[in-house]
Amino acid sequence: MTVQQVTESPGSLAEQVAALTRRVDEQQARLAALERRLGAAEPAAEPTATTGEAAVGRPAGAVDGLAYVGRTLLVLGGGYFFRALTESGAVPAPLGLLLGIPYAALWIALSWRAAGRGRPRSALAHGVAAVLLGFPLVLETTVHFRLLPPAGGAALLAVYLLLLLALCWRRGLRALAWLAVLGGLVTSLAAMAGTGAVVPFAAVLVAAGGATAWAGWHRGWPVLSWLTAAAADAAVLVVTLGALAGIRDMTPQTALPLQLSLAVIYGGTFAVLVARFRQPVDGFVLAQTGAALLIGLGGAVATSRLLSGATLPLGIAAALLALAAYRVAFRRIDRDRRRGFHYFGALGMVLSLAATGLLLPAPALAWAALALANAGLGRTFRRASLGLHGALFAVAAATASGVWRIAGWTFGAPAHHSWPDPVWLPAVVLAAAAGCLALQPSATPAERRSSKLSRFLLLALLACGSGAALLLAAVHAVPATAPGAGGDAGALAVLRTLVLGAVAVALAWAARLPRLFEARHLVHPLLWLAALKLAFEDFLHGRPATLVLSLAAYGLTLILAPRILRESRRRRPGTGPEVALDPRDPGAMG
């Protein structure tokens with residue numbers, strides 16, 4: 001068509017453009033249909049970790065699963081090929097080890113690559129192959145062929161397990177993490193039984209526990225963290241008991257590093273997670289911190305006394321860590337994060353107890369001084385949690401000074417047994433406890449439980465100590481009741497009943513005061529204790545003359561104590577219109 005024809009017939013040009021447009025549309029439709037047919041003919045792609053397992057139930061997925069199983073079996077066949085060469089003598093055992101370990105580790109690398117390419121099924125298949133190859137190889141090398149000593153086998157097991165856990169953590173392979181942890185636990189137990197060496201493989205469990213604590217927080221795998229923590233705690237506890245009992249291969253020299261590792265790994269991990277990454281202080285953190293400190297740090301304190309020169313550096317390290325924990329609690333933790341503050345404060349208190357117990361031959365006085373210091377600081381800065389720390393220090397000082405032991409002898413020992421001689425140290429501790437009670441700080445609503453608990457502990461300590469002191473004074477006043485070979489059991493039973501009744505009435509009266517209202521919780525347990533004592537001591541060892549006095553004393557106590565308690569309930573802060581609440585008064589917060 002020429003330019004002249006186009007110019008002369010404009011209508012024909014429009015028709016040609018329209019026809020050309022229709023042909024283009026037809027070609028596009030044909031191309032789209034062809035692409036759809038080609039897409040239907042292609043095999044389904046493996047679902048990625050982000051899209052989920054959407055292909056479950058499709059025939060292609062089942063075929064792929066069988067292919068993964070077959071590939072895993074081929075991999076295992078390669079591992080048994082290396083073992084057959086080693087057992088037949090064609091390949092020396094050390095060379096077989098050098099060939100088998102890289103072969104097993106190869107599948108960890110392939111699993112890492114497959115997970116990075118968005119192929120979780122392939123990654124899981126390669127990881128399962130690595131688990132089935134590596135752990136039996138470590139066990140055979142250590143137990144069957146004896147190519148490695150127990151320490152070397154434990155080191156190889158730890159490296160292999162940590163590599164698997166690193167793969168699972170970075171790529172989010174939860175199922176493989178379970179297989180790796182269970183395989184590591186079973187291999188460790190089998191190696192312990194096969195070699196008789198507990199300490200090296202217990203160290204493997206401690207390392208695995210620290211790794212899963214971190215990975216469990218990052219990936220949200222709490223059950224896995226609980227499992228490995230329980231295994232690590234049990235292993236260190238066995239080593240501690242074996243070292244204290246003098247069992248072979250479980251010496252204090254080998255147990256002490258393991259105990260410190262448990263305490264440091266878990267304590268350090270939780271400290272970083274709570275302070276740096278603002279992890280909430282949940283049940284696992286609280287439970288495992290307590291277990292690690294009790295088994296790890298407590299075991300280290302016990303075993304260090306069996307080693308000359310070990311208590312001094314351990315005590316200095318505990319003191320420095322206690323200062324660091326208190327600094328984090330007061331300088332790094334926000335005031336609205338109450339659980340984090342209490343966590344680091346409690347950590348500092350436990351470390352302070354351990355440090356003073358290691359550095360001082362008689363730490364009761366130091367703990368009494370720390371009790372008063374904490375109570376004073378709590379009152380100054382209005383921190384009821386510091387008041388609770390002061391109460392706990394006072395309880396520890398009472399334990400070290402013998403307050404509980406003396407009270408148990410005076411109220412529970414038979415009349416023919418001699419009592420321990422009273423010393424001045426329990427009196428000093430009781431005076432410090434009374435000072436802590438007087439210095440209890442005001443409690444905000446958020447710290448009401450801490451305030452109540454601290455007062456309850458201090459009142460229980462004072463009631464126990466003052467009762468023992470009162471009974472000692474009464475026995476010295478009545479020589480016929482003095483314990484020993486010729487002591488009058490019936491008269492001593494009367495004195496004990498009188499003292500218990502007097503303490504119960506005193507506690508009921510103290511509950512009338514706003515600052516001592518928690519004393520009411522001690523009255524009824526004391527009355528039940530007096531009833532049991534009346535049945536098992538007064539009626540068994542008493543005479544009619546002494547039973548009259550015992551029954552009269554207990555009956556009068558049952559009349560007076562409940563009546564005074566009823567009055568204390570009416571006078572409780574906030575329950576009567578006659579009481580004016582002062583927010584600065586600690587008793588006003590209950």
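Which residues does Leu-262 touch, not counting residues up to four places away in sequence? Val-206, Ala-232, Asp-233, Val-236, Gln-288, Ala-292, Ile-295 and Gly-296. Touching, or contact, means heavy atoms within 4.5 Å.

Some ground rules. This is a predicted model, where local features need pLDDT of at least 70 and side-chain atom pairs count only at pLDDT 80 or more, while totals for chains, interfaces and linings use all residues. Residues are numbered from 1 along each chain as its sequence is written, and side-chain values use heavy atoms, with hydrogens and water left out.

Now the overall picture. The protein has 21 helices and zero strands; these are DSSP runs, H or I of at least four residues for helices, E of at least two for strands, numbered from the N terminus. Of its 590 residues, 45% count as buried, that is, under 20% relative accessible area with a 1.4 Å probe, protein chains only.

Back to Leu-262. Along with Leu-164, Leu-262 touches the most other members of the largest nonpolar core, which has 67 residues. Helix α6, residues 150-171, gives the largest share of this core, 10 residues. A core here is a set of buried Ala, Val, Leu, Ile, Met, Phe, Trp, Tyr and Cys residues joined through side-chain atoms within 4.5 Å.

Next, a helix pair. Leu-262 is among the α10 residues that meet α11. The axes of α10 (residues 252-275) and α11 (residues 283-304) come within 8 Å and cross at roughly 155°. Axes are lines fitted to C-alpha atoms over the stretch in contact, with angles from 0 to 180 degrees between N-to-C directions. The two helices are therefore roughly antiparallel, meaning an angle over 145 degrees.

Technical notes:
Parallel < 35°, antiparallel > 145°, perpendicular 65-115°, else oblique. Buried < 20%, exposed > 50% of the residue type's maximum accessible area, 1.4 Å probe, protein only.
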